[in-house]
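Keep the model open as you read.

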Amino acid sequence: FERCFRRIYQHYGSSRAYTVFPDARRCVDALEDRGGLVIGVTSNTPSRTIETTLPLLDLDSHFSWFACSEDIGAEKPEAAMWDYTLRLARFWCGDDLQPHEILHIGDNLAVDFCGAKAAGFQALYLNRVGGTTNYQDWL
């Protein structure tokens, strides 16, 4: 078991295990070129992903802050995760930043889109699997 675990752990600690969507890199580059925008990451992934994988993929320099569920002890869509995200965004943008001035983009309708909306953020659902998504604006 330990040998298998080590191989899996090593695999996911290398850039071979991940693919950066071409549109994601173009989007981050375009937002950075636009100027005046602060970009951060709010993720339920382990802190290892943020600390090692983003630098391996040459993505870490695009982001001002990282909110990781492992460090906070809460996951999206829990309010504590969004509260921490707002705190980090205010550090970079100023204390007068309001939740509705933040746009969260995520690929999980319930966790990302509905969670962000419940926290008062703007939200965009990035549907990478295709198909039809039915959503009732019950928030």
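What follows covers the strand pairing, a surface patch, aromatic pairs and salt bridges.

The model is a predicted one. Start with the strands. E1 spans residues 40–43 and E2 spans residues 65–68. The two strands pair in the parallel sense, over four bridges. Within this pairing, Val-41 stands opposite Phe-66 of E2.

Leu-103, Ile-105, Leu-124 and Leu-126 make a nonpolar patch of about 320 Å². One of these residues, Ile-105, sits in strand E3, which runs over residues 103–106. Ile-105 has a relative accessible area of 42%. That value falls between the 20% and 50% limits, so the residue counts as partly exposed.

Next come the aromatic rings. The structure holds four aromatic pairs. One of them joins Phe-1 and Phe-5, with ring centres 6.4 Å apart. The planes of Phe-1 and Phe-5 meet at 25°, so this pair is stacked. Phe-1 is exposed at 83% relative accessibility, while Phe-5 is partly exposed at 47%. Another pair brings together Phe-91 and Trp-92. Here the ring centres lie 5.4 Å apart. The planes stand at 85°, which is over the 60 degrees needed, so the pair is edge-to-face. Phe-91 is exposed, at 64% relative accessible area. Trp-92 is partly exposed, at 44%.

How many salt bridges does a search of the whole structure find? The count is three. Take Glu-2 and Arg-6 to begin with. Their closest N and O atoms are 3.9 Å apart, against a cut-off of 4 Å. Both residues belong to helix H1, residues 2–11. They are four residues apart there, so about one helical turn separates them. Glu-2 is exposed, with a relative accessible area of 57%. Arg-6 is partly exposed, at 44%.

Another salt bridge links Arg-128 with Asp-23. The closest N and O atoms of this pair are 3.2 Å apart. Arg-128 has 35% relative accessibility and counts as partly exposed. Asp-23 is also partly exposed, at 33%.

The remaining contact to visit is between Lys-76 and Asp-112. Their closest N and O atoms are 2.6 Å apart. This pair, too, links distant parts of the chain, across 36 residues. Lys-76 is in the loop between helix H4 (69–72) and helix H5 (79–93). Asp-112 is in helix H6, residues 109–118.

Terms used
Residues are numbered from 1 along each chain as its sequence is written. This is a predicted model: local features need pLDDT of at least 70, side-chain atom pairs count only at pLDDT 80 or more; totals for chains, interfaces and linings use all residues. Side-chain values use heavy atoms; hydrogens and water are left out. Two strands pair if DSSP finds at least two bridges between them. Patches are made of residues with over 30% relative accessible area and no salt bridge: like charges are joined within 9 Å, nonpolar side chains (Val, Leu, Ile, Met, Phe, Trp, Tyr) within 5 Å. Accessible areas come from the Shrake-Rupley method with a 1.4 Å probe; for residues, only the protein chains shown count as cover. A salt bridge is a side-chain nitrogen of Lys or Arg within 4 Å of a carboxyl oxygen of Asp or Glu. Buried means under 20% relative accessible area, exposed over 50%, partly exposed in between (1.4 Å probe, protein chains only). Rings of Phe, Tyr and Trp (its six-membered ring) pair if their centres lie within 6.5 Å; planes under 30 degrees apart count as stacked, over 60 as edge-to-face and the rest as tilted.
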